[in-house]
Amino acid sequence: TVVILRIRQAETAMSDGRLDEAYELAKRDDVRKHRRGQKLVSQLVDRLLERGSTHVEAGQLPQALADYDRATRLGGNQLRIAKLRSEALAELDTIEQQRRRRGELVAAARRHVERGELSVGAKLVEQLDSGDVAIRILSDDIAARRATVDGALDRAEQAIGRSSYETAIQELIEVGKLQGG
């Protein structure tokens, strides 16, 4: 019959690791009501939970949650599924909080740099992952601004040493502009 053919296709898909295809076949009512289909569903739920756990370990939380949702649709609201789903959601929440905190630190660092508070901005940047391109750009910006300020201060000091006070004042005005003043 057609239901046996669907079950066989789902079993083959599952054994080949094509769990999404197996899920699409197994979620049909006629498959789930059949005795052999119920056994398939039970095995598929286990495989979806295994794959979901693998996704969690790899940090692929949306994929893990999708597998846990599929397992719930097939196997019902089981405690083990709910527990795994809850753990994945908690991890996702933690990651979101870290992402938000990182964004807040980057924004604060940029504000300080724009105001010329380079040391404060640099301290905030030190708290962030230097492997991130945006952080490297911000760090490079801080270093370039520091070099410009240091150069202007050196030129002002040299001008004072030559009694060229007007040049020194111009350099110090430039420093003030660079430092947000």
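Reply: Buried here means under 20% relative accessible area, exposed means over 50%, and partly exposed lies in between, with a 1.4 Å probe and protein chains only. This is a predicted model, in which local features need pLDDT of at least 70 and side-chain atom pairs count only at pLDDT 80 or more, while totals for chains, interfaces and linings use all residues. Residues are numbered from 1 along each chain as its sequence is written, and side-chain values use heavy atoms, with hydrogens and water left out.

A salt bridge is a side-chain nitrogen of Lys or Arg within 4 Å of a carboxyl oxygen of Asp or Glu. That rule gives a count of 19 salt bridges.

One of them joins the side chains of R6 and D30, at 2.4 Å from N to O. This pair links distant parts of the chain, 24 residues apart: R6 belongs to helix α1 (residues 2-15) and D30 to helix α3 (residues 29-33). Helices are DSSP runs of H or I with at least four residues, numbered from the N terminus. R6 is buried, because its relative accessible area is 19%, whereas D30 is partly exposed at 29%.

A salt bridge also forms between E114 and R145, whose closest N and O atoms are 3.2 Å apart. Here too distant parts of the chain are linked, with E114 in helix α6 (residues 79-114) and R145 in helix α8 (residues 133-161), 31 residues apart. E114 is exposed at 53%, while R145 is partly exposed at 21%.

E117 and R115 meet in a further salt bridge, at 3.3 Å from N to O. Finally, salt bridges connect D20, R51, D67 and R70 in a network.

Terms used: Helix = DSSP H or I, 4+ residues; strand = E, 2+ residues; numbered from the N terminus.
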